[in-house]
Amino acid sequence: MTVLQGKVAIVTGAASGIGRATALLFARQGAKVVVADMNESAGLEVVRLIEQEGAQAFFQMLDVRSEENCAALVDSTLQRYGQLDIALNNAGVFAAPTLTEDQGLALWQRMLDVNLTGVFNCMVHELRAMKARGGSIINTASVAGISGTYGAAAYCASKHGVIGLTRSAALEYGKYGVRINALCPGLIETPMTAGPDSGFNEKMINAGVKSSALRRQGTPEEMAEMALWLASDRSCYATGGQFVVDGGVSA
Ligand SMILES: NC(=O)c1ccc[n+]([C@@H]2O[C@H](COP(=O)([O-])OP(=O)(O)OC[C@H]3O[C@@H](n4cnc5c(N)ncnc54)[C@H](O)[C@@H]3O)[C@@H](O)[C@H]2O)c1
């Protein structure tokens, strides 16, 4: 049985990593998916894979830093599919680790603009669309949203912000049937941590693996499973929560 039959889902950052895996899983579970990202070619490839499996999707160019882009994302979803039930606000960026004093204002601003303001921009329009009939919003935070991270103060602050935003909005919109939760991944093998420009080196990955109870990195597909549960009616009493999936790092 598919658990998202008849639902319409937006996934931001859907061209890669956790967003890509979630867009594919949501589509396999019956949802029509809006694949939103600033990487058009990789996003179109995700749409192609979804359509190849017989499901429906379209690509929407999106820079989450632009409020106009985020408004257009929700508008085009409603125009195309007539409703919005689920949103995974997941687009995010990381930077090579540096001490707080060396992070610099430009990096600080970039982390906040994409990781925090980007989620806010999307949520504002998603909430307006969902208020009348309910829905589920999942914001990708991180274990860096619930504890400190050596060398990543700006990233960490942005993810703590995502959790505060999630909890506050959950209090406001529960009465409209809109549930809002944060997904908190640990170290997950995606281009963010494994790509050539990721800023992660082997020593850091090994340290992350060693600090996890399961002694390995997670996969994007494992994050998608939690996103699916939060998106579906199976999690109908969950709102305002932080759902940690980190192989036991924070245990
Ligand atoms: N990989 C990890 O270990 C890890 C751990 C905790 C949290 N996260 C979070 O998970 C989310 C997804 O990360 P990932 O590991 O899949 O990374 P990724 O780099 O594989 O994917 C991120 C996607 O976001 C898109 N993106 C970046 N800036 C954007 C913008 N301004 N507007 C629209 N799209 C934009 C990129 O084009 C890319 O497709 C991020 O929010 C990240 O902070 C990742």
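Please keep in mind that the structure is a predicted model.

I begin with the sheet. Seven strands form an open sheet, paired in parallel, and their order is E3-E2-E1-E4-E5-E6-E7. The edges are held by strand E3, residues 57–61, and strand E7, residues 242–245; each has a single partner strand, so one side of each is left without a neighbour in the sheet. From one strand to the next, the twist averages 20°.

Within this sheet, consider the pairing of E5 with E6. Strand E5 spans residues 135–140 and strand E6 residues 178–185; the two run parallel and are joined by 6 bridges. One of these links Gly135 to its bridge partner in E6, Val178.

Two helices deserve mention here. Helix H1, residues 17–28, packs on the sheet and touches strands E1 (8–12), E2 (32–37), E4 (86–89) and E6. The direction of H1 makes about 170° with that of E1. Helix H2, residues 40–52, also packs on the sheet, where H2 touches E2 and E3. Here the angle is taken against E3, and the direction of H2 makes about 170° with that strand.

How many cavities of 30 Å³ or more does the structure hold? There are 2.

The largest cavity contains about 40 Å³ of space. Its lining includes Phe94, Pro97, Gln103, Leu107, Met111, Gly151 and Tyr155. Helix H4 (100–130) and helix H5 (153–173) are the elements that give two or more residues to that lining. By class, the lining of the largest cavity comprises 10 nonpolar residues, 2 polar and no charged.

The second largest cavity contains about 30 Å³. Among the residues lining this cavity are Thr12, Val64, Asn89, Asn90 and Cys122. Which element gives the most to this lining? That is H4, with 4 residues. The class division for the second largest cavity is 5 nonpolar, 4 polar and no charged residues.

Next, an open space. The second largest pocket has a volume of about 200 Å³. Of the 16 residues that line this pocket, Gln5, Ala27, Gly30, Ala31 and Ala55 lie nearest its centre. Its lining divides into 5 nonpolar, 7 polar and 4 charged residues.

Take Phe94 and Phe200: their ring centres are 5.1 Å apart and their planes stand at 40°, so the pair is tilted. Where do the two residues of this pair lie? Phe94 is in the loop between E4 and H4, and Phe200 is in the loop between helix H6 (191–194) and helix H7 (202–210), so the pair ties together parts that are 106 residues apart in sequence. Phe94 also belongs to the lining of the largest cavity.

Technical notes: Residues are numbered from 1 along each chain as its sequence is written. This is a predicted model: local features need pLDDT of at least 70, side-chain atom pairs count only at pLDDT 80 or more; totals for chains, interfaces and linings use all residues. Side-chain values use heavy atoms; hydrogens and water are left out. Two strands pair if DSSP finds at least two bridges between them. Axes are lines fitted to C-alpha atoms, for helices over the stretch in contact, and angles run from 0 to 180 degrees between N-to-C directions. Contact means heavy atoms within 4.5 Å. On a 1 Å grid over the protein atoms alone, a cavity is a set of points where a 1.4 Å probe fits but cannot get out, and a pocket is an open set with protein on both sides within 12 Å along at least five of seven lines; lining residues have an atom within 4 Å of a point. Grid points are joined across faces, edges and corners, and a volume is the space filled by probe spheres set on the points. Ala, Val, Leu, Ile, Met, Phe, Trp, Tyr, Cys and Pro count as nonpolar, Asp, Glu, Lys and Arg as charged, and the others, Gly among them, as polar. Rings of Phe, Tyr and Trp (its six-membered ring) pair if their centres lie within 6.5 Å; planes under 30 degrees apart count as stacked, over 60 as edge-to-face and the rest as tilted.
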